[in-house]
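Me: I'm new to reading protein structures. Could you walk me through one, feature by feature?

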Amino acid sequence: MRSSLFHKLLLILFLWIGLSPWIMGQPKGNVSGQGPYTTAIFDSLFEKALYKGSLDISKHHLSGLFYLKRFSGSSVRILFSNELGMNFFDLELKGDKFIVHSCFPSLDRASLLKLLENDFRLLLVPDTTVIRMKRGRSKDPEFLVFGVKTARGSFHYTYDKVSGKIRRIQTSRSVMGRTDLRVYGDMRLQPVKIHITNPAIRLHIRMTFLSN
Amino acid sequence: MKRKHYSILFFFLFLVLSAFSQGQFTEMKDPAGFKQKFAEATRKTQTIEASFIQEKSLSVLSEKIITKGRFLFKKEKKLRWEYTEPFHYLIVLNNGTMFIQDEDKKSKIDIRNNKMFAEINYIIMGCVQGNLFNDEKKFLPSFFENRGSFLVKMKPLASNLKEYLSEIRIFFDKNDLLVTRLEMYEPSGDYTRIDFPGEKINTSIPDEKFLVP
């Protein structure tokens, strides 16, 4: 009888440990407490930055300057202009909203703008809608890999073990094809280099930090 | 004592007003005379070289992006436009070919086969030489002047240009009729201002500067 009670208690304990991430609302597999849901690639204290960059889509090549500025916790403006100063696009991420303030006619395509929205959200806005997270295997011992399902989609996040910073985000399932976003260089508030590729629509964005 | 204070106040008010009246542009009295003088000056100009300071003003973001560089122009259709700060970017236009060097990436475009680049080439050349206002099919010009400068404002007439340009303003020095400032306004309210300090004309510029590799 005592033994049966002990086994029942043990079973409840195991069940509690196993289910606690769901009961407590924590993503599964997040062992260290650090994970993709806590930060975006750009630091929350980031205010503004100027990048030299280019955007290649299909066989078209556009080069110029990317200017990113955070207005408040929930609003970030992304502006891309050519070297002579003419705007290619002026976009805003405001909470869940995506506002196109201006866009060069040849870039004004709903599918492209949707991709740009998703890519810049991954860069600038922390994802607070994590549904499930699972630690994966990393080929490189210097990195941690997480498979993450959020309201935005499914992603693979690669973290630098030492700095704790995100190095790469790949979309794992998407109608628009896979996006691969890589960042390089250690700066406190923003990465030095950003490469975004989407082979399905032959989109390549390259950005190199110039100044704050 | 009080009277002394008033006289100082009036003196400063006079200074402010006189500076304002010099800066204020009014309608040009003799646009035909300006066009004639300008055509003559352009005919005599074989080369132009200058540094430039470009300021992109982002109205909503209340920010300014400053870039600097150097440009060379040689008749008939040779232009070297080079950004040196805070990045390196080079555009060379040479008789129908556009060469672009963006850091390590080099590209060559035959302008004659590319309508968009032909338009860009046309506007850049027209702005540097200042004779863009002569094309009344593409732009509606209006002419102004103040004590030291002439100003030509141009509104684009073509619908494709109107989508990204609401107005171009070209400022000329009254003495030598050289372009001293260029302003390009966008429909969003953002504008780009390019100043050309220390322009030199008719200096010897070797053709190699415009070679397209």
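Me: Let's begin with one residue. Does Ile66(B) count as buried, partly exposed or exposed, and why?

Reply: One thing to keep in mind: this is a predicted model. The general idea is to look at relative accessibility, where buried means under 20% and exposed means over 50%, with partly exposed in between. Ile66(B) has 41% relative accessibility, so it counts as partly exposed. You'll find Ile66(B) in strand β3 of chain B, which runs over residues 63-74.

Me: Which residues does Ile66(B) touch, if I skip those up to four places away in sequence?

Reply: Here you look for heavy atoms within 4.5 Å. Ile66(B) touches Ile53(B), Gln54(B), Glu55(B) and Pro86(B). Leu132(B), on the other hand, is 66 residues along the chain from Ile66(B), and their C-alpha atoms are separated by 25 Å.

Me: Which side chains make polar contacts with the side chain of Ser63(A)?

Reply: For this you look at pairs of N or O atoms within 3.5 Å. The side chain of Ser63(A) makes a polar contact of 2.8 Å with that of Glu83(A). Another, of 3.3 Å, joins the side chains of Ser63(A) and Tyr89(B). The contacts of Ser63(A) beyond four places in sequence also include Asp102(B) and Phe80(A).

Me: How do I read a helix? Take α2(A): what should its 15 residues span?

Reply: An α-helix has 3.6 residues a turn, so residues three or four places apart point the same way. As for length, at 1.5 Å a residue the 15 residues of α2(A), 110-124, should span 21 Å, and the end C-alpha atoms are 21 Å apart, which agrees.

Me: How many residues of α2(A) are buried?

Reply: The helix is mostly covered, with 11 of its 15 residues buried. Among them are Leu112(A), Glu117(A), Phe120(A) and Leu123(A).

Me: And which residues touch the most other members in the largest nonpolar core?

Reply: Think of buried nonpolar residues joined through their side chains. The largest such core has 97 residues, and those touching the most other members are Phe89(A), Phe120(A), Leu123(A), Leu124(A), Trp81(B) and Ile168(B). α2(A) gives the most to this core, with 8 residues. Apart from it lies another core of 6 residues, including Leu72(B) and Phe99(B).

Definitions and conventions:
Residues are numbered from 1 along each chain as its sequence is written. Chains are lettered from A and ligands numbered from 1 in the order in which they are written. This is a predicted model: local features need pLDDT of at least 70, side-chain atom pairs count only at pLDDT 80 or more; totals for chains, interfaces and linings use all residues. Side-chain values use heavy atoms; hydrogens and water are left out. Helices (H or I, at least four residues) and strands (E, at least two) are DSSP runs, numbered from the N terminus. The expected span of a helix is 1.5 Å times one less than its number of residues. Buried means under 20% relative accessible area, exposed over 50%, partly exposed in between (1.4 Å probe, protein chains only). A polar contact is a pair of N or O atoms within 3.5 Å; within protein, one must be able to donate a hydrogen and the other to accept it, and residues adjacent in sequence count only if both atoms are side-chain atoms. A nonpolar core is a set of buried Ala, Val, Leu, Ile, Met, Phe, Trp, Tyr and Cys residues joined through side-chain atoms within 4.5 Å.
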